[in-house]
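Grab a pencil and have a look at the model below.

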Amino acid sequence: AAFTPTTVPALLTGAGALGMATDITVNPDGTVSLSGSSLQIPTDPGTAIVSGQLEADSGNIGILGEQIALVGATVDASGDAGGGTVLIGGDELGNGAVPNAAATIIDENSVIQADARDIGNGGKIVAWGTDLLRSAGQLFARGGNNGGDGGFIETSSLGLLEVSTPPDLSAVNGAGGLWLLDPNNILIVAGAELSQVGSRSRAVPSDGIFTTDFFPGSGPTLNSELGVDVITDSLTRGFNVSILTANGNITLETPLDFNDTGTNTLRLDAGGEIRLQEDIFDSDITQTSPDALNLELLANGNILITGEINSNGGSVSIDSVGGSVTTDRVFTNPNPFTNPNPFVAQNNGNITITAEQGISTGLLSTRGRNITLETTQGSIVVNDNIFTSSTQAIEPVDAGDVFLRVPGGDIDVLGFIN
């Protein structure tokens, strides 16, 4: 059917009943503006602007272009039996046949959903911008109300990454989903923000949607800052968190207290090094049903842990593919130095540490579970004791096994093995 130019804003924004823009104005400089809005829509080729509603019941929605903006948009791929797929600016990790956007912006009035409404798993949402991703909207990939797990959401950029609202991958009758962040270097700091410092882009004054000029390859090394509260809040909401840097480093600069988070998994996966400079622990160790954190650390380079890890029952896996591993004390059972009831039986996790270039650890304790240290080229040094026995527990369980594997190096345990 034919339409007049004055209906285009309504098609773009769902105006009319919402009382939003009703006219398009072409400015003397060639830009396009919507009445009732201070935003200017770029006319550059490859620009995709979405506002209003897009729906595909359990289907696939792709919003693609060189630069993308969602402004007051509702994008919904939810379905009764499972969520669909929403790709905004690219696919997982920027890979695959889907073209990648240079810049993607999702404003605070936008909502992206790939929920299962009844019985089924949440769907998949990817928001990608190679040089810039700013996501202030609400992203949902929840499991069904009557059964099903949470889905998968990725918010990633190789350049400037800003995520001000964590997504929701919860499941009231299933397991939480996975949130993947893929910046360059990342510093986990105190607070509840995710922002960019040290950018290869620079902001410029503008009334337009896109407010950044890009200078790829210039400027200092990128370091994103992730507030530790963003991680713990996400764990508390029942889903797992995976932080990936394809080429950079991950550094924990503040304590991570997983109190009241339940039992979930935190995975740190670095193309460079991982450095944990502060403790990971549960501050409330007297709970009847204590929280437990499954911790997975994977790096191509060295892994240096100068803080203490106490997973409080979760498993700990540390793997340096091309470097060495150095740790302080690692507990998967309640810490006997701080817990008033350290020998209460519980389901503790295993400790597994593997490295190419050698392993050096402090005290290791599982109290009833296994401990495995394995290096392919270096040596193993344990600078304290190894505990897998639970003979002092109120309800003792069988001791775990200890495996120390070194094909050609040395093994040196400076304490005792119990």
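**Exercise 1: an aromatic pair**

Phe387 counts as buried, at 14% relative accessibility; buried means under 20% relative accessible area, exposed over 50% and partly exposed in between, with a 1.4 Å probe and protein chains only. This is a predicted model, where local features need pLDDT of at least 70, side-chain atom pairs count only at pLDDT 80 or more, and totals for chains, interfaces and linings use all residues. Residues are numbered from 1 along each chain as its sequence is written, and side-chain values use heavy atoms, leaving out hydrogens and water.

Task: work out how the rings of Phe387 and Phe416 are arranged.

Step 1. Rings of Phe, Tyr and Trp (its six-membered ring) pair if their centres lie within 6.5 Å; planes under 30 degrees apart are stacked, over 60 edge-to-face, the rest tilted.

Step 2. The count by this rule is 1 aromatic pair. Its centres, those of Phe387 and Phe416, are 5.6 Å apart and the planes stand at 85 degrees, so it's edge-to-face.

Step 3. Phe387 sits in strand E38 (residues 386-387) and Phe416 in the segment after strand E40 (411-413), 29 residues apart. Strands here are DSSP runs (E, at least two residues), numbered from the N terminus.

Step 4. Phe416 is partly exposed, at 45%.

**Exercise 2: a buried Asn**

Task: find which backbone nitrogen the side chain of Asn185 reaches.

Step 1. Locate Asn185 in strand E16 (residues 185-189).

Step 2. Check its burial: Asn185 has a relative accessible area of 11%, so it's buried.

Step 3. Follow the side chain of Asn185 to the backbone nitrogen of Asn249, at 2.7 Å.

Notes. Helix = DSSP H or I, 4+ residues; strand = E, 2+ residues; numbered from the N terminus. Polar contact = N/O pair within 3.5 Å; in protein donor to acceptor, adjacent residues only side chain to side chain.
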